[in-house]
Amino acid sequence: MLISGHAGTETAEYASVALPNVIREHVAPACSAVPLVAEDVTARLGQAIHAFDDSLVNDLRDALPEDIEGVDDAELRSVINDQATGGRVYSKVVRCMRGCTALVALVDPSGRECWVANLGDGQAGKAQSDLVRKATIYL
C-alpha cells in the first residue's frame with residue numbers, strides 16, 4: 001500500500017492505520033471462498049475503497065451539530081477548534097480538508113492473481129523483469 005498526503009500528513013497517517021482494516025473487512029469473505037473468484041475480490045476491493053472514502057465524510061458529519069445550517073460562525077468555530085479538549089472534531093475536519101491518495105495492491109498466496117485499486121489520482125503500472133535484469137513497464 002502506498003499512501004501520499006495532499007496538504008499535510010494527517011489523512012495519510014489515518015489511512016495507513018484505518019484503510020487496511022477496511023480492506024480486510026470487505027475482502028476477507030471473498031478470499032476465503034473456494035474456489036477463489038477473482039471478480040468477487042475485485043468488487044469487494046472497490047467497495048472497500050469507496051467505504052473508506054465515505055467514512056471520512058461520515059465521521060465528520062457525525063461529529064458536527066445536527067442542524068449545522070442553524071449554527072452561527074462563532075459557535076461553529078468553537079466546535080471545530082476543539083484542540084484544547086483533545087481535537088476530536090478538529091482532526092476529522094483536517095482529514096477531510098487535506099486528503100490523501102492511496103494505491104493498494106493485493107496478491108493471492110499462489111501469486112497468480114493481483115488486484116490494484118486507487119483512491120485519488122495515484123496510478124500503477126505493471127512491470128516485468130527478464131533474466132538480464134531489464135524491466136519493461138506497461139502503463
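**Figure 1. Charged side chains of the predicted protein chain.** The protein chain carries 12 positive and 20 negative side chains, where Lys and Arg count as positive, Asp and Glu count as negative, and His and the chain ends are not counted. The centres of the two sets lie 10 Å apart, the place of each charge being taken as NZ of Lys, CZ of Arg, CG of Asp or CD of Glu. The model is predicted, so local features need pLDDT of at least 70 and side-chain atom pairs count only at pLDDT 80 or more, while totals for chains, interfaces and linings use all residues. Residues are numbered from 1 along each chain as its sequence is written, and side-chain values use heavy atoms, with hydrogens and water left out.

**Figure 2. Overall form of the protein chain.** The protein chain contains four helices and five strands; helices (H or I, at least four residues) and strands (E, at least two) are DSSP runs, numbered from the N terminus. Along the sequence these elements follow the pattern β-α-α-α-α-β-β-β-β. The C-alpha trace spans about 65 × 35 × 25 Å along its principal axes. The radius of gyration of the protein chain is 19 Å, whereas a compact globule of 139 residues would have a value near 14 Å; this radius is taken over C-alpha atoms, and the globule rule is 2.2 Å times the number of residues to the power 0.38. The accessible surface comes to about 9400 Å², with 52% belonging to carbon and sulfur atoms, as computed by the Shrake-Rupley method with a 1.4 Å probe; for residues, only the protein chains shown count as cover. Of the 139 residues, 26% count as buried, where buried means under 20% relative accessible area, exposed over 50%, and partly exposed in between (1.4 Å probe, protein chains only). Among contacts between residues at least 6 apart in sequence, 51% join residues at least 24 apart, a contact being heavy atoms within 4.5 Å.

**Figure 3. The salt bridge between Glu10 and Arg98.** The protein chain has one salt bridge, defined as a side-chain nitrogen of Lys or Arg within 4 Å of a carboxyl oxygen of Asp or Glu. Glu10 forms this bridge with Arg98, and the closest N and O atoms are 2.7 Å apart. Because Glu10 lies in helix α1 (residues 10–31) and Arg98 in helix α4 (residues 88–98), the pair ties together parts that are 88 residues apart in sequence. Glu10 is partly exposed at 32% relative accessibility, and Arg98 is partly exposed with a relative accessible area of 27%.

Figure 4. The buried residues of α4 include Val89, Lys92, Val93, Val94 and Arg95. The buried residues of this helix pack against α1, α2 (38–63) and α3 (73–80). Arg95 is buried yet has no salt bridge, and its nearest side chain of opposite charge, Asp59, is 4.5 Å away. Residues up to four places away in sequence aside, Arg95 touches Glu10, Thr11, Tyr14 and Leu56. Helix α4 is followed by Gly99, which has a positive phi near 70°.

Figure 5. Ala18 lies in helix α1 and counts as buried, at 15% relative accessibility. The C-alpha atoms of Ala18 and Leu60 are separated by 15 Å, and the two residues are 42 residues apart along the chain. In the loop between α1 and α2 stands Pro35. The peptide bond from Val34 to Pro35 is cis, with omega near 0°.

Figure 6. Ala38 has its place in helix α2. Apart from neighbours within four places in sequence, Ala38 is in contact with Glu113 and Trp115. From C-alpha to C-alpha, Ala38 and Val27 are 11 Å apart in space, and they are eleven residues apart in sequence. Gly46 is also placed in helix α2 and is partly exposed, at 27% relative accessibility. Gly46 and Leu119 are 73 residues apart in sequence, with their C-alpha atoms 9.5 Å apart in space.
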